[in-house]
Amino acid sequence: MSKTWPTAKLNTGATIPLLGFGTYAAVGKETTDATVASIKEGFTHIDTAAIYKCEDAVGTGIKESGIEREKLFVVSKLWLDRKGDVRAALDETLEKLQLDYLDSYLIHWPQTWDSKGNPTPYGTQPDFHAAWKEMSAIFKEGKKLKSIGVSNFSIKTLEELASKAGDDYVVPAINQVELSPDLPQNELLAYCREKGIHVTAWSPLGGGTSNPATNGGSVLLTHPKVIAIAEAHKVSTGQVLISWGIQRGTSVIPKSSSPARIAQNAKIITLTPEEMQVLNSKHADAENPQRIAKGESKTKMALGWTYEEMGWEERERM
Ligand code: NAP
């Protein structure tokens with residue numbers, strides 16, 4: 001069991017800790033306390049977003065922890081209705097987090113929403129190209145953003161991003177996507193590696209309250225194959241799933257509001273090649289809940305775009 005934190009190099013030359021702390025769906029003091037607890041346990045990579053409505057609580061937690069800013073890797077995200085308003089959105093995020101800069105700022109989803117929060121069709125302006133142009137300019141100014149990236153981008157949308165950019169194209173440093181043994185993202189991972197884009201896994205434990213396939217619980221955490229590996233190492237199933245993601249070279253950002261589970265999640269184990277293989281092939285199970293776009297799979301729509309527009313047509317059972 002290790003408490004040394006594996007890291008990866010981003011295409012900016014910066015170092016990202018592979019174990020991060022997720023903050024989605026925690027609120028208020030719960031988030032502040034969890035942020036303090038996670039930093040005490042050694043987490044230095046913190047993932048948040050404007051839409052989580054907890055940036056201020058995360059900022060308070062960072063301050064209360066007393067950690068030096070340079071020791072942290074803080075990520076936040078631009079929400080869908082701010083694609084034409086990047087500078088103001090970033091300033092609001094920085095103010096709430098009580099920080100002068102972010103280690104990475106991600107376009108949360110490729111889709112655009114209107115100012116009333118309604119999903120808009122593919123092609124609606126301002127689109128992710130406009131947001132990327134502005135984020136690239138801020139990044140090049142060298143003050144508020146140490147790196148820029150995307151989230152929930154497929155090979156298709158990454159190719160589109162690159163194709164419309166000019167010679168001064170900034171290759172995303174990070175692509176943060178849903179990734180767990182039930183959705184290993186093998187093709188996207190290989191593509192991102194080739195392009196020098198680091199991949200971060202969201203819902204690495206199979207998700208919390210947002211998982212309709214399991215009535216808000218994670219089937220991965222209670223799956224017999226994961227339990228067997230956990231028992232062999234005398235650790236929890238959460239630790240097995242986190243260690244699998246880290247051993248594949250992705251960063252993982254499990255969320256927990258429980259000090260006991262935060263402490264547990266901080267302890268990474270080394271899985272054997274056979275155990276890695278069991279988890280690598282887990283997605284082919286018949287019971288795979290396939291969590292594409294949080295239960296919207298019947299309509300094949302995600303936040304206003306079709307799966308085809310998202311580049312998700314080929315995602316089933318990779
Ligand atoms: P997750 O981290 O896979 O799962 C979180 C759930 O697992 C919570 O209910 C948590 O409950 C529980 N949990 C945590 N550690 C555990 C352990 N050792 N054993 C058993 N249960 C455990 O799911 P997520 O929150 O959806 O994803 C993680 C992070 O990814 C988010 O917080 C957010 O930062 C990011 N995210 C990004 C996107 C995106 O679009 N970019 C989307 C979703 C999430 P307790 O709190 O009670 O421990």
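Q: Helices (H or I, at least four residues) and strands (E, at least two) are DSSP runs, numbered from the N terminus. Where does K53 lie?

A: K53 sits in the loop between β4 and α2. The model is predicted, so local features need pLDDT of at least 70 and side-chain atom pairs 80 or more, while totals for chains, interfaces and linings use all residues. Residues are numbered from 1 along each chain as its sequence is written, and side-chain values use heavy atoms, without hydrogens or water.

Q: What is the phi of K53?

A: Most residues other than glycine have a negative phi, and most peptide bonds are trans. K53 has a positive phi, near 55°.

Q: Which peptide bond is cis?

A: The bond from Q125 to P126 is cis, with omega near -5°. P126 belongs to the loop between β6 (104–107) and α4 (128–141).

Q: How many aromatic pairs does the rule count?

A: Rings of Phe, Tyr and Trp (its six-membered ring) pair if their centres lie within 6.5 Å; planes under 30 degrees apart are stacked, over 60 edge-to-face, the rest tilted. The count here is nine pairs. Take Y24 and Y52: their ring centres are 4.9 Å apart and the planes meet at 50°, so this pair is tilted. The pair links distant parts of the chain, 28 residues apart. Y24 is in the loop between β3 and α1, and Y52 in the loop between β4 (45–47) and α2 (55–65).

Q: Which residues come nearest to the ligand?

A: A residue is near a molecule if one of its heavy atoms lies within 4 Å of it. There are 27 residues around the ligand, and D47, S203, K255, S256 and R261 come nearest. Helix α9 (residues 259–265) gives the largest share of this shell, three residues.

Q: How far is K255 from the ligand?

A: Polar contacts pair N or O atoms within 3.5 Å. An N or O atom in the side chain of K255 is 2.7 Å from a ligand oxygen. The backbone takes part too: a polar backbone atom of L205 is 2.8 Å from a ligand oxygen, and a backbone N or O atom of S257 is also 2.8 Å from one.

Q: How many cavities does the search find?

A: A cavity is a set of points on a 1 Å grid where a 1.4 Å probe fits but cannot get out; lining residues have an atom within 4 Å of a point. Volume is the space filled by probe spheres set on the points. The whole structure holds two cavities of 30 Å³ or more. β3 (20–22) and α1 (28–40) each supply at least two lining residues.

Definitions and conventions:
A polar contact is a pair of N or O atoms within 3.5 Å; within protein, one must be able to donate a hydrogen and the other to accept it, and residues adjacent in sequence count only if both atoms are side-chain atoms. On a 1 Å grid over the protein atoms alone, a cavity is a set of points where a 1.4 Å probe fits but cannot get out, and a pocket is an open set with protein on both sides within 12 Å along at least five of seven lines; lining residues have an atom within 4 Å of a point.
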